[in-house]
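Below is a briefing on one predicted protein model. It starts with charged side chains and then turns to aromatic rings and the overall fold.

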Amino acid sequence: QVQLVESGGGLVQPGGSLRLSCAASGSIFSILNMGWYRQAPGNQRELVAGITRDGSTTYADSVKGRFTISRDNAKNTLYLQMNRLKPEDTAVYYCKASVVLATPIRRDDYWGQGTQVTVSS
């Protein structure tokens, strides 16, 4: 089994910054694509940013130039640096990982439990 644990959320003023982390643990052989998603009340969960194992990235238009996704493959950890935060960035942020498990060899997708980000003055 695999666990994803997010951290780093909180309350921040508009224009401020936060850094989210997502640590994966368990019977991991390899982690393929990883991503950050968010869900605001009344809205569907949406992709914020994604990253492949070799570091290729993609971003939602609403966060381009403000957010940076990165990963440390040695630590099985995903990051999201969020700068110039806006009230509309307020949401629960979730990490997702496509994981290759060791025994038996198979691929499954896993989600973290979510971390709240609130941008407000």
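Arg 106 is partly exposed, with a relative accessible area of 37%; partly exposed is the class between buried (under 20%) and exposed (over 50%), using a 1.4 Å probe and protein chains only. Arg 106 forms a salt bridge with Asp 108, the closest N and O atoms being 3.2 Å apart. The model is predicted, so local features need pLDDT of at least 70 and side-chain atom pairs count only at pLDDT 80 or more, while totals for chains, interfaces and linings use all residues. Residues are numbered from 1 along each chain as its sequence is written, and side-chain values use heavy atoms, with hydrogens and water left out.

**Salt bridges**

- Side chains of opposite charge can pair when their charged atoms come close.
- A salt bridge here is a side-chain nitrogen of Lys or Arg within 4 Å of a carboxyl oxygen of Asp or Glu, and the count by this rule is six.
- Asp 108, the partner of Arg 106, is partly exposed at 29% relative accessible area.
- Salt bridges that share partners join Arg 38, Glu 46, Arg 66 and Asp 89 into one network.
- Glu 46 is partly exposed at 37%, whereas Arg 38 is buried at 6% relative accessibility.
- Arg 66 and Asp 89 also meet through their side chains in a salt bridge, at 2.8 Å from N to O.
- Arg 66 lies in the loop between strand 6 (57-59) and strand 7 (67-72), and Asp 89 in the loop between strand 8 (77-82) and strand 9, so the pair ties together parts that are 23 residues apart in sequence.
- Both partners are buried: Arg 66 has a relative accessible area of 6%, and Asp 89 has 1%.

**Aromatic rings**

- Rings of Phe, Tyr and Trp (its six-membered ring) pair if their centres lie within 6.5 Å; planes under 30 degrees apart count as stacked, over 60 as edge-to-face and the rest as tilted.
- By this rule there are two aromatic pairs.
- One of them is Tyr 94 with Trp 111, an edge-to-face pair at 6.5 Å centre to centre with 85° between the planes.
- This pair links distant parts of the chain, from Tyr 94 in strand 9 (residues 91-101) to Trp 111 in strand 10 (residues 106-111), 17 residues apart.
- Tyr 94 is buried at 14% relative accessibility, and Trp 111 is partly exposed at 36%.
- Tyr 37, Tyr 94 and Trp 111 form one aromatic cluster.

**Charges over rings**

- A charge sits over a ring if NZ of Lys or CZ of Arg is within 6 Å of the ring centre and within 35 degrees of the ring normal.
- Arg 45 lies over the face of Trp 111, 4.6 Å from the ring centre.
- Arg 19 lies over the face of Tyr 79, 4.1 Å from the ring centre.

**Overall fold**

- The protein chain has zero helices and eleven strands; helices (H or I, at least four residues) and strands (E, at least two) are DSSP runs, numbered from the N terminus.
- The C-alpha trace spans about 50 × 25 × 25 Å along its principal axes.
- Buried residues make up 42% of the 121 residues.
- Among contacts (heavy atoms within 4.5 Å) with a separation of 6 or more, 55% are between residues 24 or more positions apart.
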